[in-house]
Amino acid sequence: METPSGDGMRFETKAIHAGQDPEALYGAVNVPIYQTSTYAQEDVGRPKVWDYARGGNPTREALQVALAALEGGERCFAFGSGLGAESTLLLTFRPGDHVVLANDVYGGTYRLLSKVMGPWGLSFTTVDLTDEAALRAALTPVTRLLWIETPSNPLLKIVDIAGVAAIAHEAGARVVVDNTFATPALQRPLELGADAVVHSVTKYVGGHSDLIGGAIVTSDPEWIERVPYLVNAVGAVPGPMDCYLALRGLKTLAVRMRAHCEGARAVAGFLSAHPRVTKVHYPGLPDHPGHDVAARQMSDFGGMVSFQLPTPEDALEVARSTRVFFLAESLGGVESLIEVPGPMTHASVAGSPLEVPATLIRLSVGIEHPDDLIADLERALG
Ligand SMILES: *Cc1c(COP(=O)(O)O)cnc(C)c1O
């Protein structure tokens with residue numbers, strides 16, 4: 001099928017055109033939702049493209065071409081969830097292999113390694129990736145993968161992708177970056193030396209809190225050969241309707257991210273000046289420890305802000321009191337969300353090295369008017 005990569009176009013243009021030629025029969029400007037499980041074959045064992053839709057679907061294909069173009073990778077593989085993408089990528093390794101994992105990754109990533117892939121035979125070490133000596137000490141002769149997440153969830157820590165990727169490559173390990181928080185609109189890890197990017201498409205790529213999806217983007221020849229085999233053999237695939245919604249979200253990613261960043265900047269500024277707030281975690285603030293690295297490797301600082309109050313009870317009270325910010329898990333949608341990671345998104349990491357402060361509140365700043373968001377927080381804090 002026609003799948004232009006969008007070479008030479010700018011980001012905003014690729015988001016709307018890569019993989020998205022008008023449909024051949026009627027000229028529909030949107031990629032149709034190919035709601036089918038199978039395809040009529042031209043002869044016995046001679047399918048046109050795919051024989052069965054676990055292996056592929058034209059709506060999924062369009063999403064994959066578009067997201068690969070935006071991340072600057074050769075191929076993208078879409079999944080039914082971010083964790084579906086992550087588990088499929090981890091299944092390219094073998095029992096006995098070792099993974100080095102950032103010590104503040106998404107809780108579900110930690111759970112996947114510690115409770116599922118660990119018993120299966122993949123060993124792992126968590127490490128603070130801002131500490132070069134600790135990273136070097138964690139790499140062993142059987143380390144095959146370094147797993148980075150930046151900005152991280154929920155503390156918005158920043159990892160120098162190019163720096164740690166060089167160290168991992170020296171040790172013979174490949175590097176994957178969970179780019180869910182930044183999105184390719186703000187950060188392109190493959191250009192900084194990563195071997196693959198994973199996404200929870202559920203978040204900013206979809207952007208409207210109306211789907212669950214995931215993706216892997218890579219130019220690594222071994223993964224380009226192995227991952228599609230596992231897509232079909234393991235089966236964590238997305239449906240065409242969700243691929244259509246993700247593609248529709250992708251078209252406005254650049255403009256949405258500008259609005260998310262603007263809102264987050266305003267909210268972080270407001271919180272920094274508020275007497276009840278003891279700490280604000282936002283890489284756009286000049287006193288954030290990762291500010292300089294973030295300014296170098298990202299084009300803006302993203303839409304996530306977290307902050308701390310004096311006591312856990314304060315955090316619960318404020319999270320219960322906002323009206324514009326909905327009290328909910330997840331992030332990256334047009335609507336603003338507030339949550340307390342300890343008992344909510346990060347309950348699964350309680351007691352682990354990833355445990356987060358109970359005084360922490362996480363905000364996903366939506367694209368409402370920043371003045372309304374600040375007024376809502378002011379009321380809740382006051
Ligand atoms: C949500 C999330 C995931 C998991 O994605 P799902 O689509 O929920 O399976 C992975 N990484 C990060 C950073 C996330 O926020």
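How far apart are the end C-alpha atoms of helix 9 (residues 240-251)? Select this helix: its 12 residues should span 16 Å at 1.5 Å a residue, and the end C-alpha atoms are 17 Å apart, which agrees. The expected span is 1.5 Å times one less than the number of residues. Helices here are DSSP runs of H or I with at least four residues, strands are runs of E with at least two, and both are numbered from the N terminus.

The model is predicted: local features need pLDDT of at least 70 and side-chain atom pairs 80 or more, whereas totals for chains, interfaces and linings use all residues. Residues are numbered from 1 along each chain as its sequence is written, and side-chain values use heavy atoms, without hydrogens or water.

Next, select helix 10, which lies across strand 8, strand 9 (304-308) and strand 12, where contact means heavy atoms within 4.5 Å.

Now display the open sheet, whose 5 strands follow the order 8-9-12-11-10 with mixed pairing; two strands pair if DSSP finds at least two bridges between them. Strand 8 (279-281) and strand 10 (326-327) stand at the edges, each with a single partner strand, so one side of each lacks a neighbour in the sheet.

Finally, select strand 11 (residues 337-339) and strand 12 (residues 360-364), which pair in the antiparallel sense over 3 bridges. Glu339 stands opposite Arg362 in strand 12.

Key. Axes fitted to C-alpha atoms, helices over the stretch in contact; angles between N-to-C directions.
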